[in-house]
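Colleague: Thanks for making time for this one. Could you take me through how the descriptions of this model were reached?
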Amino acid sequence: MNGLELIKKAFALQEVERVPWVPFVGVHGGFLTGVDASTYLKSADEIVKGISKSVEEYNPDGIPVVFDLQVEAEVLGCELRWSETGPPAVVSHPLSEDKKISDLEIPGVGDGRIAVCLDATKQLREKYPDLALYGLITGPFTLALHLLGTDIFMKLFEAPEEVNEVMDFCTAVGQKMAEYYLDAGCDVIAMVDPMTSQIDPETFETFVTPFVSRIFEFVREQGKLSSFFVCGHAQQNIEAICNCRPDNVSIDENIPLDFVKEIALEKGISFGGNLKLTVMLLMGTPDDCREHALECLDLGGKTGFILAPGCDLPCETPPENLKAVTGLVHDPYQQDVVRTLEKAERIHFNW
Amino acid sequence: MSELLSKIAECIEFGKINKAAPYPPNMKGQDGADELTRQALDEGVSAQRILTEGLMVGMEKVGIKFRENKVFVPQVLMSAKAMSTAMIHLKPFFLSGEVKEKGTFIIGTVEGDLHDIGKNLVSMMVEGNGWKVVDLGTDVKADQFVAAMKEHQNAFVGLSALLTTTMVNMEKITNAIKDAVPEAKVAVGGAPVTDSFRQKIGADAYAPDPQGLVEYLNSQVA
């Protein structure tokens with residue numbers, strides 16, 4: 001069974017023979033091929049090289065094409081500050097300056113770096129027909145925050161209609177981006193909305209649920225799969241997130257995996273996560289990562305679970321740590337050994 | 001009198017800025033932090049009492065509720081807005097020295113990192129608990145922290161980072177501060193930061209939430 005089939009099976013909550021593995025490679029792809037984050041995210045060819053190298057090294061079942069939540073914001077007029085080691089940061093918020101929502105238009109297929117992302121998608125689709133390609137779109141609340149700045153938090157109470165209007169626009173942008181990615185060949189639309197981790201369930205249900213549900217419904221109508229990625233501490237909103245009816249929810253390391261498993265499966269959706277990015281994948285040893293990945297595999301189980309990092313991989317994540325996770329995922333014998341043996345004994349195996 | 005101070009605390013806790021503010025809905029039409037602080041001053045309540053028995057009490061409750069996941073960023077920002085509205089009335093008393101601050105806290109998001117929500121929340125909480133806050137902004141380099149430490153003698157300093165890629169700069173900045181001001185107390189915080197990371201880089205304090213930092217700072221001057 002190839003990666004795409006395995007992912008589809010996990011999304012359908014059918015028991016799998018092996019848990020699928022989706023490393024969230026973003027600018028780490030450039031690290032693997034020796035280009036800085038800024039060069040990487042501006043070039044379809046560099047993205048294809050980085051993802052190809054990741055496929056070669058990490059043998060994934062699925063992979064995001066581009067992990068950058070500033071693509072739509074940049075097209076809509078947010079100024080970016082670029083970094084060599086991470087995705088760019090938004091430094092200006094048009095709707096808090098001189099622009100009105102009526103001044104903004106839904107981005108076109110060839111606008112800004114959308115063209116780069118779609119070109120990379122098409123090339124990767126052709127090269128890897130059996131790999132689940134994830135098209136990542138910026139969630140409406142995070143995009144609204146890019147456009148409005150942190151004023152959005154107070155406007156939730158002081159100007160709710162304005163927030164609704166911006167959310168409506170950002171949802172239309174998200175739906176269009178989903179359409180572009182699906183047309184270019186993606187199998188899964190992952191809506192990444194990390195800023196929803198900063199609000200309470202009631203605010204989420206009032207200002208987020210009605211909008212993001214539309215995006216998931218759209219993806220369902222196209223006969224494709226969807227996922228809600230929420231980086232950050234969003235435990236309070238997991239139930240509300242599941243109620244938006246994505247096909248999958250992927251969570252960060254701050255949320256206990258068993259907590260999400262219980263809620264997601266009860267709601268009939270699959271779930272993923274939540275390898276620790278910093279203390280394990282970035283700073284740990286291959287042994288630490290293997291042990292930690294096994295904990296996730298054992299907690300997640302073989303029904304409806306996809307092993308993935310909590311969020312976008314830090315640029316300089318040591319490849320040997322991700323290879324250690326890869327080796328473990330693909331080798332049930334190694335899993336048994338790690339499960340059984342003491343750490344000290346494992347050193348003799350020289351993994 | 002204490003009833004008035006309790007009402008002020010309540011306005012801070014629930015983010016009631018002034019009478020015209022629609023939030024929170026259950027306090028619609030009532031006086032807010034703005035009117036009540038002015039009223040208290042008019043009635044002869046000392047600015048110090050308004051701060052310690054009204055504003056700080058409300059802010060501490062917000063800090064604890066934030067730690068316990070009972071309120072989130074939007075509610076804390078509304079409380080901070082109510083607080084800063086009240087503080088406008090108290091400003092002259094800070095300038096005259098009638099109201100004493102507990103100390104000075106310098107804060108900035110570290111070099112390479114432009115995120116400021118966490119830093120701003122910490123600033124508001126610390127200020128709302130009676131500290132003078134010197135906010136250096138985002139993308140702050142080691143020498144800027146050092147210069148601020150030299151300008152504000154005996155100040156505590158806080159380093160914020162949201163990204164795994166920028167939190168590594170905390171070590172360099174902590175070392176630079178300790179080299180220049182050996183007795184400096186450096187606190188670190190932000191989403192990816194942990195206490196084990198704090199130990200590794202030789203910083204003095206880590207708190208997982210703003211109220212934890214407030215408690216650390218207060219313990220240092222108690």
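Modeller: Gladly. This is a predicted model. In chain B, the end C-alpha atoms of residues 102–222 lie 9 Å apart, and that span is 46% helix and 17% strand.

Colleague: What makes residues 102–222 of chain B a span to look at?

Modeller: An unreviewed UniProt entry annotates residues 102–222 of chain B as "domain: B12-binding". That label comes from the record, and such annotations may be inferred rather than shown by experiment.

Colleague: Why are α1(B) and α2(B) called roughly antiparallel?

Modeller: Helix α1 (residues 2–14) and helix α2 (residues 33–42) of chain B pack at an angle of about 155°. Angles over 145 degrees count as roughly antiparallel, so α1(B) and α2(B) are roughly antiparallel to each other. Their axes are 9 Å apart, and α1(B) passes α2(B) in a left-handed crossing.

Colleague: Which residues make that contact?

Modeller: From α1(B) come Leu4(B), Leu5(B), Lys7(B), Ile8(B), Cys11(B) and Ile12(B); α2(B) supplies Ala33(B), Leu36(B), Thr37(B), Gln39(B) and Ala40(B). By class, there are eight nonpolar, two polar and one charged residues.

Colleague: And between the chains, how do you know which residues are in contact?

Modeller: The test is C-beta atoms, placed from the backbone, within 7 Å. With it, 24 residues of chain A are in contact with 19 residues of chain B. On the chain A side, α8 (151–158) and α14 (277–282) are the elements giving two or more residues, and α8(A) gives the most, with five. That side divides into twelve nonpolar, nine polar and three charged residues.

How values were computed:
Residues numbered from 1 in each chain as written. Chains lettered and ligands numbered in written order. Predicted model: local features only at pLDDT ≥ 70, side-chain atom pairs only at ≥ 80, totals over all residues. Contact = placed C-beta atoms within 7 Å. Helix = DSSP H or I, 4+ residues; strand = E, 2+ residues; numbered from the N terminus. Nonpolar A, V, L, I, M, F, W, Y, C, P; charged D, E, K, R; others polar. Axes fitted to C-alpha atoms, helices over the stretch in contact; angles between N-to-C directions. Parallel < 35°, antiparallel > 145°, perpendicular 65-115°, else oblique. Left-handed = near helix turned anticlockwise from the far one by under 90°.
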